[in-house]
Amino acid sequence: MAVDYLYNVSIGNKEIEVMNMDKSTPVFDEIGQISIIVRDIKESIRRYNDRYGIGPWVVLHFSQDNTSEMEVRGKPEPFELYLGLCDSLNVQLELIQPVSKNTTYWEFLEKHGPGLHHMCLNSKEGFSSIVEKLKALGQEDFLLGARDSGDMYFTYIDLIDDIGIIAELCDPPEDFILPAPVWKYPE
């Protein structure tokens, strides 16, 4: 019987071959972003940058002024937040400071305090295909929005009971334009 090895896993100085026995196709191809909820975005960014050398950062402001089709648990609901973005450690880090109390970000902060909230998972199959595939598995999105410039859609799917995470899926078109940063650090 021929065995196809998917990849090697390194633990310390040892490698373990991991094989794909059932030939299944992964739903997700890569982790595009790791997102952390914070109380104070500027204080958190200074800590990441100044103590741990993780930076530089840009901070963006999102609200109903620049984001449409905002939904929370299937109901139209505008919300406001600040995002800090940094490309570091071979992934994009995102810090989120919720402003509106009606979001899952605020709920998370109140229930758990600051911490890891979700991972943005990418797939070559595309946004719509993956959302439909996950819905067919019984998974529902609970936060949805669309960035007005470039028609970028995003959604969150609660996969905590299945694989222990909240997954963000997004569909940034090639002409997607982020809003202008409201703050950069270091300046």
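These legends describe close-up views of one predicted model. Residues are numbered from 1 along each chain as its sequence is written. Local features need pLDDT of at least 70 and side-chain atom pairs count only at pLDDT 80 or more, while totals for chains, interfaces and linings use all residues, and side-chain values use heavy atoms, with hydrogens and water left out.

**View 1. Tyr105 and Tyr156 form an aromatic pair.** Rings of Phe, Tyr and Trp (its six-membered ring) pair if their centres lie within 6.5 Å; planes under 30 degrees apart count as stacked, over 60 as edge-to-face and the rest as tilted. The search of the whole structure finds three aromatic pairs. In this one, the centres are 5.8 Å apart and the planes make an angle of 85°, an edge-to-face arrangement. Tyr105 lies in helix H2 (residues 104-112) and Tyr156 in strand S11 (residues 152-159), so the pair ties together parts that are 51 residues apart in sequence. Helices (H or I, at least four residues) and strands (E, at least two) are DSSP runs, numbered from the N terminus. Both Tyr105 and Tyr156 are buried. Buried means under 20% relative accessible area, exposed over 50%, and partly exposed in between (1.4 Å probe, protein chains only).

**View 2. Trp183 and Tyr185 also form a pair.** Their ring centres are 5.4 Å apart and their planes meet at 25°, so this pair is stacked. Trp183 and Tyr185 are both buried. The peptide bond from Tyr185 to Pro186 is cis, with omega near -5°. Pro186 sits in the segment after strand S13 (183-185).

**View 3. The largest nonpolar core has 17 residues.** A nonpolar core is a set of buried Ala, Val, Leu, Ile, Met, Phe, Trp, Tyr and Cys residues joined through side-chain atoms within 4.5 Å. Those with the most contacts inside this core are Ile37, Phe79, Leu81, Ile96, Tyr105 and Tyr156. Strand S4 (57-62), strand S5 (67-72), strand S7 (81-88), H2 and S11 each give two or more residues to the core. A second, separate core has 13 residues, including Val38, Trp57, Cys86 and Trp183. In soluble globular proteins, nonpolar side chains tend to be buried together.

**View 4. Ile96 has several partners away from its place in the sequence.** Neighbours within four places in sequence are left aside here. Contact means heavy atoms within 4.5 Å. Among the residues in contact with Ile96 are Ile37, Leu81, Tyr105, His118 and Tyr156.

**View 5. Helix H2 has buried residues along one face.** Thr104, Tyr105, Phe108 and Leu109 are buried in H2. Seen down the helix axis, the buried residues fall within an arc of 140°, so they line one face. The arc is that of the directions from the helix axis to the C-beta atoms. On the other side of H2, Glu110 and Lys111 are exposed. Just after H2, Gly113 takes a positive phi of about 80°.

**View 6. Strand S3 pairs with S9 and with S8.** Two strands pair if DSSP finds at least two bridges between them. S3 (residues 30-37) and S9 (residues 115-122) run in the antiparallel sense over seven bridges. Ile34 has Met119 as its bridge partner in S9. S3 and S8 pair in the parallel sense over five bridges. Here Ser35 has Glu94 as its bridge partner in S8.

**View 7. Leu89 and Asn90 lie in the loop between S7 and S8.** Phi of Leu89 is near 60°, a positive value in a residue other than glycine. Asn90 also has a positive phi, near 65°. Leu89 is exposed, with a relative accessible area of 60%. Asn90 is exposed too, at 84%.

**View 8. Arg47 and Glu43 meet in a salt bridge.** A salt bridge is a side-chain nitrogen of Lys or Arg within 4 Å of a carboxyl oxygen of Asp or Glu. The whole structure has two salt bridges. The N to O distance for Arg47 and Glu43 is 2.7 Å. They are four residues apart in helix H1, separated by about one helical turn. Arg47 is partly exposed at 33%, and Glu43 is partly exposed at 42%.

**View 9. Lys133 forms a salt bridge with Glu125.** Their closest N and O atoms are 3.0 Å apart. Lys133 is partly exposed, with a relative accessible area of 31%. Glu125 is partly exposed at 36%.
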